[in-house]
Amino acid sequence: MKDIEKRIIESVEKKRCEIIEFVRSLIKYQSVNEPPTGRELECQKFIAKKLKELDLKVDMFTPDEVGVMKTHPAYAPCGSSGSPRIYENRPNVVGVWKSEHDGRSIILNGHVDVFPVMTNEKWIFDPWAAKTANGMIYGRGASDMKGGLGAMLMAMECLQEAGIKPKGDIIFESVVDEEFGGGNGTLATILKGYQAHAAICGEPSELRVCPVGYGGFLFDVKVKGKNAHPFYKKQGVNAIDVGIKIVEALKRLENNRSKKARETPLFSYFDPACPIMIRSFNTGEHVGGGLAPSCTIRAWIATLPNEQKADVLNQIANYFEIISKDFPILEENPPEVSCLGRYLEPWITDPDDPFVETLKSTVRKITCKGAKVTAGLTCDAFLFSKYAKIPTVIFGPGSALSAHNIDESISIHELVLATKIYALTIYRWCNS
Ligand SMILES: [Zn+2]
């Protein structure tokens, strides 16, 4: 290894305690996303202060302050959950480490908002105390994604400490409103003009390199029944019976889509490889104690980069038609499919792109293992790939399994590895 690379790694090792403490400080800010609003402000001020200490050029702006936002095709007035958004006191923070040269630049992107902690959740660890135990840091946002955000920022500090002068610009972005399918925070950075030759979205990927991302959207399937007295139920249709068949049908569709998705190795990591998740089963109000007159099933479906949303919706509708032979009740009571909220689009960066190669070889160097290359989960990354045409990779410490969960945590070992990988990737990308 070159001396200079050794110096970068040593600088991360020296700052191990500071990395842990910085991520702990981020977790202690309760920057909860609570649609339509969010409480990101104080944490963003803290990050802005840190970026200024690193002598970066700091820009703070709310998505509302970016004029062209609301007419952009990717702007969503509501997130994927359908809830409206208000951006007062919710600034993005962008810090630019400007280079004197015009080498390859990089965007380091992460969201500062975290998923709420529900009142009925029984945590062992206080979600806002950021306690360390068992080699982990515990707290809301530890994995999703104050770990990744903190590691990316500390990677810059470590590069400075190692005396590195980047030959391309490094653009660090701490954005608001990613949870609940927001996306407008990252879109605002793109529309404000922040561009680069590559982008890392530091979402938790367990250090897997993800040059491709799933899409997904919510949809409703509505079926009607026909009321009848319980003792004359054969003359009526219980919408619940129809709804159960819809759920079974969606499970079959999930199996078929997943089988097909697994044919592409990038999509073979998760099981199921292309999930459909039933979110709710609502039977509405009963009339006079009879059969359920209607039923609405709300579900979320994952989509793949070669798919258009309209085609997937058609596929769902057609599927109900095809299987109605097996479930005659569906034939007589055709379901209505409609979608709601923002569509988080699937995306792909060429897995052989030089940036993906740079990241993979750095992962190999630091972990002494080959990099696992898989699809990443739905997040803001699609905006870079689709709307800014930037080669994009999701790569971060922590696990989506822990995200949004009780006793969310991140492994300190992984956090430090991620910081080394970020620092060395930035150096290799910008300075060669
Ligand atoms: Zn996230």
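I started with the open sheet, in which four strands lie in the order 12-13-11-14 with antiparallel pairing. Strands here are DSSP runs of E with at least two residues and helices are runs of H or I with at least four, numbered from the N terminus; two strands pair if DSSP finds at least two bridges between them. I noted strand 12 (276–282) and strand 14 (336–344) as the edge strands, each pairing on one side only. Neighbouring strands are turned by 20° against each other on average, direction ignored.

The model is predicted: local features need pLDDT of at least 70 and side-chain atom pairs pLDDT 80 or more, while totals for chains, interfaces and linings use all residues. Residue numbers run from 1 along each chain as its sequence is written.

Next I looked up strand 11 (residues 215–224), which runs antiparallel to strand 14 and is joined to it by six bridges. Asp220 stands opposite Ser338 in strand 14.

Then I turned to the helices on this sheet. Helix 6 (residues 239–261) touches strand 11, strand 12 and strand 13 (294–303), and its direction makes about 10° with that of strand 13. Helix 7 (residues 309–323) touches strand 11, strand 13 and strand 14, at about 150° to the direction of strand 14. Contact means C-beta atoms, placed from the backbone, within 7 Å; axes are lines fitted to C-alpha atoms, for helices over the stretch in contact, with angles from 0 to 180 degrees between N-to-C directions.

Last, I checked the domains, whose bounds come from an automatic or database assignment: domain 1 (3–213 + 346–430) and domain 2 (215–343). The contact takes 17 residues from domain 1 and 14 residues from domain 2.

Note on methods
Contact = placed C-beta atoms within 7 Å.
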